[in-house]
Protein chains: 2
Amino acid sequence: MNGSHALKGMGLKVTPKRLAILDILVRELVYLSPEEIWDRLKGQFTKLGLPTVYRNLEELSQGGIIYKIIHPDRKLYYYYCENVSHHHHFVCIACRKVQDLEFCGEEQITREVEDILKGKVVSHVCQVYGLCRGCSHARTMAI
Amino acid sequence: MNGSHALKGMGLKVTPKRLAILDILVRELVYLSPEEIWDRLKGQFTKLGLPTVYRNLEELSQGGIIYKIIHPDRKLYYYYCENVSHHHHFVCIACRKVQDLEFCGEEQITREVEDILKGKVVSHVCQVYGLCRGCSHARTMAI
DNA sequence: GAACAATTAGAAATCCTTTCGATTTAATGG
DNA sequence: CCATTAAATCGAAAGGATTTCTAATTGTTC
């Protein structure tokens, strides 16, 4: 994963801040809010506005290199995922780690919508919440 | 669907406003925002605060009689659905109608998470967007 | 390295949603 | 039917995440 390359590829200028924002997500592989990313970068840049973080995250997301989490609290969270083909995610509710899922019921859903509801599928979202391997162990032992 | 009965069942007082809010959702069967519901009820009640609508929708949702839509704009929308067993929905992006889907990949997903990721599923969301029968016809003819 | 367009800072605005204290209303039971 | 009490409502105001705006800065290109 080459940050500069990726940014250029989507027609964005390669700025240090933009790179740093992407880098955080690439390194942590958990979903983060704009403010959390801002906090992590404050030490690295004397001047960094929260709007800059918001704007960059939105641009990166538009460019298809990072993704938004569907979160029950209806706030913005982003995560990086290398896998660019269509797939869904398993999100750990304890540590926020995001992992790929193979399974996607697209076919069955499309068939049902077309055959029974006589409608047309445009898109679908699917997200699974739970405890990842590590957190599920930790919890079993702790409680 | 008896509104008063349903409200009592969840330990809520039967007030005219609460009934009217529920009634709108039951009659329209599309997802609506608190403000849209408020607009529809302004004529019916001289005094009706938007916070009242918000509060009631949240209570009804807590009671499990109405549901929140997962919407990309991250705003609140609610809809009524008679079917209380676990299932997902097909949402028309044109008219907002919400229809039940049979299919749910719960089993396969749980198996994948447990067997491959060694994690534990707690919950999952799934929502399909598209054009319902009527809107898909209308669009074909219009464009 | 000059020119230009894109990016950023910082403050302020926006807008959805929630909170608060005071008032009203539904439910209960005598 | 009326009194009591807890729940519900009003209206204003606060809260808080996100976006907008203008001027200043910085990458990119040639």
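Mentor: Helices (H or I, at least four residues) and strands (E, at least two) are DSSP runs, numbered from the N terminus. This is a predicted model, in which local features need pLDDT of at least 70 and side-chain atom pairs count only at pLDDT 80 or more, while totals for chains, interfaces and linings use all residues. Residues are numbered from 1 along each chain as its sequence is written, and chains are lettered from A and ligands numbered from 1 in the order in which they are written.

Trainee: What makes a residue part of the surface near DNA strand C, and which elements supply at least two residues of that surface?
Mentor: A residue is near a strand if its C-beta atom, placed from the backbone, lies within 6 Å of it. 25 residues surround DNA strand C, and the closest are A:Gly49, A:Thr52, B:Val14, B:Pro51 and B:Leu76. Helix H2 (16–28) and H4 of chain A, together with H4 of chain B, each supply at least two residues of this surface.

Trainee: Which residues come nearest to DNA strand D?
Mentor: Of the 25 residues around DNA strand D, those are A:Val14, A:Pro51, A:Leu76, B:Thr15 and B:Thr52. Two or more residues each come from helix H4 (50–62) of chain A and from helices H2 (16–28) and H4 (50–62) of chain B.

Trainee: Which residues of H5(B) are buried, and what makes them line one face?
Mentor: A residue is buried if 20 or more other C-beta atoms lie within 10 Å of its own, exposed if 12 or fewer, and partly exposed in between, with C-beta atoms placed from the backbone. In H5(B), B:Ile109, B:Val113 and B:Leu117 are buried. Seen down the axis of H5(B), the buried residues fall within an arc of 35° (taken from the directions from the helix axis to the C-beta atoms), so they line one face of the helix. The face turned away from that buried side carries the exposed residues B:Glu107 and B:Asp115.

Trainee: How many residues of chain A are in contact with chain B, and what makes a contact?
Mentor: Two residues are in contact if their C-beta atoms, placed from the backbone, lie within 7 Å; 31 residues of chain A are in contact with 31 residues of chain B. S5(A) gives the most to the side of chain A that touches chain B, with twelve residues.

Trainee: How do you know that S5(A) and S5(B) pair?
Mentor: Two strands pair if DSSP finds at least two bridges between them. Eleven bridges join S5(A) to strand S5 (residues 120–131) of chain B, and the strands run antiparallel. A:Tyr129 stands opposite B:Ser123 in S5(B).
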